[in-house]
Amino acid sequence: MQSMGLRSIVKKVVPRGALRKIKPAGHYAEAVLLNARYGFPSKGLKVIGVTGTNGKTTTCFLIHKMLVDAGYKVGLITTVAYGVGDDIKPQLTHMTTPTVPVLLNRIKKMRAQGVEWLVLETTSHALDQHRVWGIPYIMAVFTNLTHEHISYHGSFEHYRAAKRKLFEMTNRNRAGLRLGIVNADDRWANVFASAVKKSLSYGIKDGDARAKDIKLGASGVKYSVTLGGTTYHISCRLPGTFNVYNSLAAVCVGHALGLSQKQVEQGIAALEGVEGRMTRIDEGQPFDVIVDYAHTPDSFEQLFADIKPVVKGKLIVLFGSLGGGDKGKRPLQGELAGRFANELIICEEDDRAEDPAVIMGDIAKGARKAGKVDDKDLFLIHDRTKAMQFAVSRAKKGDVVLFLGKGHEKTIEHNDGTQPWDEIATARSVLAKRTR
């Protein structure tokens, strides 16, 4: 009766969305009051949270697919999509972890469908703003931590502390496993592992679960890993060293939950792909085109290191940077791309209110430092569609073209407002026009 009374008061007194105007205290109050209003919809759920700078979405998809194939009733909420079981809907906004009302409504609907498990991609913003207050995490997964979102958090230390809150929340949930799963090869692994009662680590160089006999290929990765006396032979259909790490995290989750060797192996192998994550575009062209969400220096370095050795011709790279975002990463990305790419095309990503010439200029400084020369192997073309057209016009047989930064996102933010955007559809369109 007390709970119903509080919900009634909240519904009458608090205008929808009003508390979000006071941040972060407003988000905290909103989370507390709306949980009361909706009857704490996540109560009793078994929630697996995934955080980190890179790899969160793919790791969520791998864990979700593994649990669904093992027979669990599982919900999924990520940057790319959300839904229950195999009924997954695209996420249309840029925000990774939804606002409190959206998150609670989605969870409420999932509960109505009989969901008992939820795999939730959890951002530093959501943790810092208390948007996931009241979520009963039983397990926290840490992928890695690199240079990102410093403009919001103010410092790397604050960014790291925000991420660590997921593990602290998990440790406070006495009804859960209180287990942390961490990337042992990341320098900050102990910071996260120390926040929980129990931890399990994974990696290539170190960890409780260490990948051996790794085979990298254009269509995926294969390796073996021994954990708790069981040797898993993993075949993941997602290429790149980073997906060795992402799938290792999923192996640890499956092992911790008591899944059989077969369930873990088949569940990871069953995921065919994640939209905007190393998505190959084939319209009959004699060269490879790949769309990927990579947008940090660390993700660039890992991606280029995997791609470059298998490129027979030129590596042509196209990307931009977020307006008003972390400006310090722009020259770093430009320098990395300048070192690895044969040709580099800088364009818009999401300008927002910042001068696009400044954004592109920041990236170009790093590219020039790496030896790239304007109008020879470095090109600044603001309009992303025109830049993509130019990129494919430069490509020949044996080349690889990378479109980076937008991935799955369904909008692009210009100075004059937000417009619909589909990177994969645009890539298909420009390729189709070239191959006619």
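Start with Y202: select it and you'll find it standing opposite A209 in strand 9. Before going further, note that this is a predicted model, where local features need pLDDT of at least 70, side-chain atom pairs count only at pLDDT 80 or more, and totals for chains, interfaces and linings use all residues. Residues are numbered from 1 along each chain as its sequence is written, and side-chain values use heavy atoms, with hydrogens and water left out.

**Stop 1**

Now show strand 8 (residues 198-203) together with strand 9; they run parallel and are joined by 2 bridges. Strands here are DSSP runs of E with at least two residues, helices are runs of H or I with at least four, and both are numbered from the N terminus. Two strands count as paired if DSSP finds at least two bridges between them.

Zoom out to the whole sheet: 9 strands, open, mixed pairing, in the order 4-3-2-5-1-6-7-8-9. Strand 4 (87-90) and strand 9 (209-210) are the edge strands, each pairing on one side only.

Next, select helix 7 (residues 156-172), which packs on this sheet and touches strand 1 (46-51), strand 6 (137-142) and strand 7 (179-183). Contact means heavy atoms within 4.5 Å. The direction of helix 7 makes about 150° with that of strand 6. Axes are lines fitted to C-alpha atoms, for helices over the stretch in contact, and angles run from 0 to 180 degrees between N-to-C directions.

Stay on helix 7 and show F156 and Y159. Their rings make an edge-to-face pair, 6.2 Å centre to centre with 70° between the planes. (Rings of Phe, Tyr and Trp, the last by its six-membered ring, pair with centres within 6.5 Å; planes under 30 degrees apart are stacked, over 60 edge-to-face, the rest tilted.) The two residues are 3 apart in helix 7, so about one helical turn separates them. Y159 is buried, at 0% relative accessible area; buried means under 20%, exposed over 50%, partly exposed in between (1.4 Å probe, protein chains only).

Then pick helix 9 (residues 241-256), which lies across strand 1, strand 6, strand 7, strand 8 and strand 9 and runs at about 145° to strand 8.

**Stop 2**

Jump to the open sheet of 6 strands, ordered 13-14-18-15-16-17 with mixed pairing. Strand 13 (279-281) and strand 17 (378-380) are at the edges with a single partner strand each, so one side of each has no neighbour in the sheet. From one strand to the next, the twist averages 20°.

Select strand 15 (residues 315-319) and strand 18 (residues 400-404): they run parallel, joined by 4 bridges. L315 has V400 as its bridge partner in strand 18.

**Stop 3: helix 11 meets helix 12**

Bring in helix 12 (residues 329-340), which packs with helix 11 at about 10°, the axes 9 Å apart. That makes the two roughly parallel (under 35 degrees; over 145 is roughly antiparallel, 65 to 115 roughly perpendicular, the rest oblique). Contact residues include F300 and F304 of helix 11 and L336 and F340 of helix 12. Finish by selecting F300, F304, F319 and F340, which form one aromatic cluster.
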